Amino acid sequence: MIVGQDSCPCGSGARYDQCCQPYLADRAQSPTAVALMRSRYTAYVVGNHGYLLRTWHPSTRPPTLDLTGQPPWCRLDILRTEEGRQGDDRGLVEFVATARAGRQVRRLREISRFVREAGRWLYVAGDLVEDPAFAAGSVGRNDPCPCTSGRKFKKCCGR
């Protein structure tokens with residue numbers, strides 16, 4: 001369970017209660033596409049199905065969302081953004097999300113598309129990017145963490 005003063009799972013460096021929690025609790029709207037991307041990642045981490053569906057564009061939103069079997073996500077890296085600022089009506093965010101499954105580390109690289117309608121950012125769809133550097137691999141406890149944090153696996157994604 002994430003407590004408000006804990007660091008936000010999205011990796012922004014801010015406290016959870018001052019970062020993604022207000023969005024997930026519907027107390028605020030994400031001001032940019034990247035803020036929505038970070039809050040959606042956090043929703044996956046904490047299992048907030050409702051938020052994921054509410055922030056998914058109706059034209060591409062599935063009727064239900066089953067997160068059963070989702071690996072525990074441990075890191076989000078934003079690689080690039082295009083548009084998606086407060087005055088824009090569309091945006092693109094490329095990211096890498098890292099998950100662990102036992103001693104396996106998996107990375108998902110995606111280019112996500114967002115639109116802003118009625119002042120609210122929504123996720124439209126994403127395209128997975130195939131990259132051999134992001135293949136799953138086995139890692140030892142004392143090996144460098146594959147998420148490139150610079151820490152040992154046991155002190156990072158292996159926690």
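Ground rule for the charged pairs: I call it a salt bridge when a side-chain nitrogen of Lys or Arg lies within 4 Å of a carboxyl oxygen of Asp or Glu. This is a predicted model, so I take local features only at pLDDT of at least 70 and side-chain atom pairs only at pLDDT 80 or more, while totals for chains, interfaces and linings use all residues. Residues are numbered from 1 along each chain as its sequence is written, and side-chain values use heavy atoms, with hydrogens and water left out.

**Entry 1: salt bridges**

How many salt bridges does the rule give? I get 10.

I looked up R54 and D26 and found their side chains in a salt bridge, 3.0 Å from N to O. The two sit 28 residues apart, R54 in helix α3 (residues 49-54) and D26 in the loop between α1 (21-24) and α2 (33-46). Helices here are DSSP runs of H or I with at least four residues, strands are runs of E with at least two, and both are numbered from the N terminus.

For exposure I use relative accessible area: buried is under 20%, exposed is over 50%, partly exposed is in between (1.4 Å probe, protein chains only). R54 comes out partly exposed at 31%, and D26 is partly exposed at 48%.

Next I checked R85 and D88, whose salt bridge has an N to O distance of 3.6 Å. Here R85 is exposed at 53%, whereas D88 is buried at 15%.

Then came R116, which forms a salt bridge with D89 at 3.2 Å between the closest N and O atoms. This pair also links distant parts of the chain: R116 is in strand β3 (residues 104-117) and D89 in the loop between β1 (73-83) and β2 (90-101), 27 residues apart. R116 is partly exposed at 22%. I also noted one network, in which salt bridges with shared partners join R80, E82, E94 and R109.

**Entry 2: cysteines**

I searched for disulfides (cysteine sulfur pairs within 2.5 Å) and found zero. C20 is in no disulfide either, with the sulfur of C8 nearest at 3.6 Å. Both C19, at 14%, and C20, at 1%, are buried.

**Entry 3: F153**

I found F153 in the segment after β5 (137-138). Buried or exposed? F153 is buried, at 4%. Its C-alpha is 5.8 Å from that of D143, 10 residues apart along the chain.
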